[in-house]
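My notes follow in the order in which I made them.

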Amino acid sequence: MKTIFCSLLFLSLTVFSREKADTLAPNILRAAPITIKTDIEGALVFVDGDSLGTTPLTVSLEPGRHYLRIISPDVENWLSPPVTDSISVVAASPQTLQYSVTPNILVLTSPSGAEVFASDSLIGTTPLVVKNGVSLSLQKHGYEDLAVEAVNARRGVLSFPLKKVWQSNTEESSLKDSEEKRSPLRLYLTGAATILAGATTAYFKVKADNSYGNYLQTGQLNSLSETNRFDTAAGISLAATELSIGLFTYFMLSD
């Protein structure tokens with residue numbers, strides 16, 4: 001009798017273990033390893049609103065569409081908006097995703113209007129937004145050339161004073177008078193632009209958060225698309241805000 005009872009107990013445990021294994025196996029087989037890399041390590045990774053760690057990172061995701069958000073390690077730089085992406089995961093199909101989170105930097109010169117060269121190619125005039133880590137040469141008529149590295153910016157802004165070369169007192173006086181005449185107007189314009197860009201950034205950010213919340217509740221893809229559009233608009237407005245603040249600050253200090 002004891003032998004029969006032990007046999008039945010062993011058989012029951014075996015059946016239960018197989019049923020549990022059959023239940024777990026599909027989930028294990030369906031999940032896909034997704035490796036996320038960035039050109040600068042240490043970027044924060046969010047998937048479907050959940051923080052999963054920093055790059056380089058490998059996570060297992062269920063098949064379907066997932067919302068990815070990556071934030072640059074330089075979190076104080078307002079000129080580095082987050083990277084957003086919608087990824088499609090296929091069962092048991094590994095993927096490696098590469099993103100660029102290199103922050104932007106606003107280069108200012110005193111006075112402004114200096115030509116900016118990168119590898120002997122003219123890329124614009126100051127104030128100018130460039131990628132972090134770029135070797136630059138600044139040139140302006142009447143001032144000495146200056147070679148700089150666009151790195152270690154404070155909140156994404158770098159300012160360089162240009163050293164004058166010799167010029168006559170007449171030229172100096174004329175330049176000074178011209179600067180003084182346009183000083184009040186440029187302060188008013190940059191101040192108004194800063195306020196407008198800041199309000200626009202806040203508006204688009206609220207719209208993006210609302211759309212993403214709706215996506216998490218309903219799973220509708222059009223809500224995710226709206227989130228991406230609003231995020232992009234907010235990033236552009238944020239860059240415009242930083243540019244306006246930098247210009248306003250520069251004009252205030254130069255006066």
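I began with strand S1 (residues 32-38), which pairs with S4 in the antiparallel sense over 5 bridges. Strands here are DSSP runs (E, at least two residues), numbered from the N terminus, and two strands pair if DSSP finds at least two bridges between them. In this pairing, Ile 34 stands opposite Val 59 in S4.

The model is predicted, so I noted that local features need pLDDT of at least 70 and side-chain atom pairs count only at pLDDT 80 or more, while totals for chains, interfaces and linings use all residues. Residues are numbered from 1 along each chain as its sequence is written, and side-chain values use heavy atoms, with hydrogens and water left out.

Next I looked up the sheet around S1. It is an open sheet of 3 strands in the order S4-S1-S7, with mixed pairing. Strand S4 (57-61) and strand S7 (95-99) are the edge strands, each pairing on one side only. Neighbouring strands are turned by 25° against each other on average, direction ignored; the axes behind this angle are lines fitted to C-alpha atoms.

Which residues does Ile 34 touch, not counting those up to four places away in sequence? I listed Leu 57, Thr 58, Val 59, Leu 61, Ile 87, Val 89, Ser 93, Gln 95 and Leu 97. Contact means heavy atoms within 4.5 Å.

Ile 34 is also one of the residues that touch the most other members in the largest nonpolar core, which has 16 residues. Such a core is a set of buried Ala, Val, Leu, Ile, Met, Phe, Trp, Tyr and Cys residues joined through side-chain atoms within 4.5 Å. Elements giving two or more residues to this core include S1, S4 and S7. Apart from it lies another core, of 12 residues, among them Ala 118 and Leu 128.

I then turned to a second open sheet of 3 strands, with the order S11-S8-S14 and mixed pairing. Its edge strands are S11 (128-131) and S14 (157-161). Strand S8 (residues 104-110) runs parallel to S14, joined by 5 bridges, and Leu 108 stands opposite Ser 159 in S14.

My last entry is Thr 109, in strand S8. Is Thr 109 buried or exposed? Thr 109 counts as buried because its relative accessibility is 1%, and buried means under 20% relative accessible area with a 1.4 Å probe, protein chains only. A polar contact of 2.6 Å joins its side chain to that of Thr 126; the term covers a pair of N or O atoms within 3.5 Å, one able to donate a hydrogen and the other to accept it. Thr 109 also touches Phe 160 and Tyr 250, among others.

Note on methods
Helices (H or I, at least four residues) and strands (E, at least two) are DSSP runs, numbered from the N terminus. Axes are lines fitted to C-alpha atoms, for helices over the stretch in contact, and angles run from 0 to 180 degrees between N-to-C directions. Buried means under 20% relative accessible area, exposed over 50%, partly exposed in between (1.4 Å probe, protein chains only).
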